Amino acid sequence: MGKVFFHCALIFCAAIIFMSSPAQAEDVPFTDKFILWTEHRDELIDEYTLKHYGMICREIIPQAVVVHWTAFGTLESNWKFFYAEEMPDDEGRLNVASQFIVDRDGTILRLMPETKFARHIIGYNHCAIGIENVGGYNGREDLTEAQLAANVRLIKWLHEKYPTIKYVFGHYQQGKARASGLFIENVPGYYAIKTDPGPKFMRGLREELEGDGLIFYDE
Ligand SMILES: [Zn+2]
């Protein structure tokens, strides 16, 4: 019996009519600095999403925002790392990436159109927009007030543009977020323990955003 793969982009067109109009250009809280995107990245995405989610998923309908820290480097060094299509130490598989990255001074870069697929969290990439924050060196909760304000601004902007977004959680809350029903992972044992971006930062986001009808998880 042949396998039938659900194509997540098929319902994208249907969902888009529920989305409000894009914000005006002057409201956009980020600047674009896109990473490399050729047909090869699309092929690697097809391979990854078929293997892990049982579907082709080049475009996502955002239902969650996942917040990260980079744990190392600068804005520039992290951008260079995400630029490559293939993961350097992973036998030519899809590189990790994130739709957004926030520098320590609150500068936000968009690395790709926000509905493009990015590999940033096991189990949720098919429906989650990722925000990386430069910091978390040696696992310390060192993200700045400017980064918190920038994340609040960006998540408000995203939520307004995509009312399909219901959840905001930190990478370390990936287990609790299974209560959302969004988690999919077809490869047994494929899992990584995470601590980013720490409970302090998520508490700050929750205080600013929970009133907007977004769902957060306990620390
Ligand atoms: Zn992370």
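This is a predicted model: local features need pLDDT of at least 70, side-chain atom pairs count only at pLDDT 80 or more; totals for chains, interfaces and linings use all residues.
View 1. With 11 other C-beta atoms within 10 Å, P113 falls under the cut-off of 12 or fewer, so P113 is exposed.

**View 2. The whole chain, for orientation.** Five helices and eight strands make up the protein chain, and reading along the sequence gives β-α-β-α-β-β-α-β-β-β-α-β-α. Of its 219 residues, 35% are buried. Take the contacts with a separation of 6 or more, and 77% of them link residues 24 or more positions apart. As for confidence, pLDDT averages 91 over the chain, and 88% of the residues score at least 70. One stretch to treat with care is residues 11-18, where pLDDT stays under 50 and the model has seven contacts beyond four places in sequence.

**View 3. Six strands line up in an open sheet with mixed pairing.** Walk across and you pass β2, β6, β5, β7, β4 and β8, in that order. β2 (31-32) and β8 each have a single partner strand, so they stand at the edges and one side of each has no neighbour in the sheet.

**View 4. β7 and the strands beside it.** On one flank, β4 runs parallel to β7 and pairs with it over four bridges. Look for A64 opposite A128, and for V65 opposite I129. On the other flank β5 is parallel to β7 too, joined by three bridges; here I101 has E132 as its bridge partner. Six of the six residues in β7 are buried. A128, G130 and E132 point one way, while I129, I131 and N133 point the other way.

**View 5. The largest nonpolar core has 46 residues.** A64, V65, V66, F100, L111 and A128 have the most contacts inside this core. Elements giving two or more residues to it include the strands β4 (64-67), β5 (100-102), β6 (108-110), β7 (128-133) and β8 (167-170), along with the helices α2 (39-53), α4 (145-161) and α5 (199-209). Which element gives the most to this core? That would be α4, with five residues.

**View 6. Zooming in on L111 and its contacts.** Skip the neighbours within four places in sequence, and L111 still touches quite a list. K33, F34 and I35 are in contact with L111, as is F82, and then comes the run A97, S98, Q99, F100 and I101. F100 is also listed with L111 among the residues with the most contacts inside the core.

View 7. An α-helix has 3.6 residues a turn, so residues three or four places apart point the same way.

Key
Residues are numbered from 1 along each chain as its sequence is written. A nonpolar core is a set of buried Ala, Val, Leu, Ile, Met, Phe, Trp, Tyr and Cys residues joined through C-beta atoms within 7 Å. A residue is buried if 20 or more other C-beta atoms lie within 10 Å of its own, exposed if 12 or fewer, and partly exposed in between; C-beta atoms are placed from the backbone. Two residues are in contact if their C-beta atoms, placed from the backbone, lie within 7 Å. pLDDT is the predictor's confidence in each residue, from 0 to 100. Two strands pair if DSSP finds at least two bridges between them.
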